[in-house]
Amino acid sequence: MNEDKTQLRRRLRAERRALSAYQQRLHGRAAITLLGRIPQMKRAGHIGIYWPMDGELDVRSLLRRFPEKQFYLPVLPEEPHPHLGFKYWNGAPLPFRNRFHIPEPVRSPSRAAGLLDLVLVPLVAFDPTGARLGMGAGFYDRTFEHKQLLPGSGPQLIGVAHQLQCVQHLPTDNWDIPLDTVVTEQRIYRCR
Ligand SMILES: Nc1nc2c(c(=O)[nH]1)N(C=O)[C@@H](CNc1ccc(C(=O)N[C@@H](CCC(=O)O)C(=O)O)cc1)CN2
Ligand SMILES: Nc1ncnc2c1ncn2[C@@H]1O[C@H](COP(=O)(O)OP(=O)(O)OP(=O)(O)O)[C@@H](O)[C@H]1O
């Protein structure tokens, strides 16, 4: 892996973890307000979300804001499948945690990633063109690989991040799947 990516990942992970609980709450609320203005979000019925970790923006209260929509959390791939699964989550407590200590609704029904209308994608860094740097396992890139073959297909990918995670230009690799939109506590970036 490219050293630039490794260093950037370390620096921005530390910066988002350093935000106070108060800042975190403000950013979460502001991002939810902006998400509510995105037309694709208004239309979406089945939405991939994530359980926040490591200082990521917390948008779980979308479940209360949009009680008519269905939300799904990612579950780690199991051999031999290389893709993230998505399982229905109604907001109930989740006792099971995966190997990264992230809760998963293991007993809930699954929905194929390609059948979600929209996926809120966690990230470590992004740039205004929609390039994304994640945790470094390539899970989201592999899961939405087909979007590269058929542009415009598959769920809308909406990155969710603190404004401090925006960098001028991110180095990309040929497997990176670009984001359609990025939402921060300050603004909406329309990338595609
Ligand atoms: N909230 C959230 N959920 C998510 C992701 C994410 O980025 N954010 N993922 C996006 O892909 C997947 C999990 N991906 C991950 C990839 C690497 C590490 C990681 O490197 N964790 C440790 C070191 C490894 C370990 O403890 O064994 C670390 O913090 O350095 C964590 C999660 C699915 N769920
Ligand atoms: N479509 C793919 N097919 C095969 N390997 C892939 C694919 N996408 C990513 N990878 C592999 O995954 C590894 C991690 O990729 P990268 O650093 O871009 O992950 P990331 O987007 O930061 O992580 P994540 O999506 O898990 O948050 C790379 O070394 C690459 O080899």
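User: Two strands pair if DSSP finds at least two bridges between them, so which residue in β2 is the bridge partner of glycine 48?

Analyst: Tyrosine 72 is the β2 partner of glycine 48. Strands here are DSSP runs of E with at least two residues, helices are H or I runs of at least four, and both are numbered from the N terminus. This is a predicted model, in which local features need pLDDT of at least 70 and side-chain atom pairs count only at pLDDT 80 or more, while totals for chains, interfaces and linings use all residues. Residues are numbered from 1 along each chain as its sequence is written, and chains are lettered from A and ligands numbered from 1 in the order in which they are written.

User: Thanks! In which sense do β1 and β2 pair?

Analyst: They pair in the parallel sense, over 3 bridges. β2 and β3, on the other hand, are antiparallel and share 5 bridges, with leucine 73 opposite lysine 87 in β3.

User: What is the strand order in the whole sheet?

Analyst: The order is β3-β2-β1-β4-β7-β8-β9, an open sheet of 7 strands with mixed pairing. Its edges are β3 and β9 (188-190), each pairing on one side only. On average, neighbouring strands are turned by 25° against each other, direction ignored; the axes behind that angle are lines fitted to C-alpha atoms (for helices, over the stretch in contact), and angles run from 0 to 180 degrees between N-to-C directions.

User: Let's look at β7. Is it enclosed or open, and why?

Analyst: β7 is largely enclosed by the rest of the structure, because 5 of its 5 residues are buried. Buried means 20 or more other C-beta atoms within 10 Å of a residue's own, exposed means 12 or fewer, and partly exposed is in between, with C-beta atoms placed from the backbone. Gln156, Ile158 and Val160 are on one side of β7, Leu157 and Gly159 on the other, and both faces are covered.

User: Which strands does β7 pair with?

Analyst: β4 and β7 run parallel, joined by 5 bridges. β7 (156-160) also pairs with β8 (181-183) in the parallel sense, over 3 bridges.

User: How many residues are in the largest nonpolar core?

Analyst: It has 40, and Ile49, Val59, Leu120, Val121, Ile158 and Val160 have the most contacts inside it. Such a core is a set of buried Ala, Val, Leu, Ile, Met, Phe, Trp, Tyr and Cys residues joined through C-beta atoms within 7 Å. The element giving the most to this core is β4, with 4 residues.

User: Last one: where is the cis peptide bond?

Analyst: It joins glutamate 79 and proline 80, with omega about 5°. Proline 80 sits in the loop between β2 (70-75) and β3 (85-89). Also worth a look is histidine 101, which has a positive phi of about 70° without being a glycine. Histidine 101 is exposed, with 8 other C-beta atoms within 10 Å.

Conventions
Pairing = 2+ DSSP bridges.
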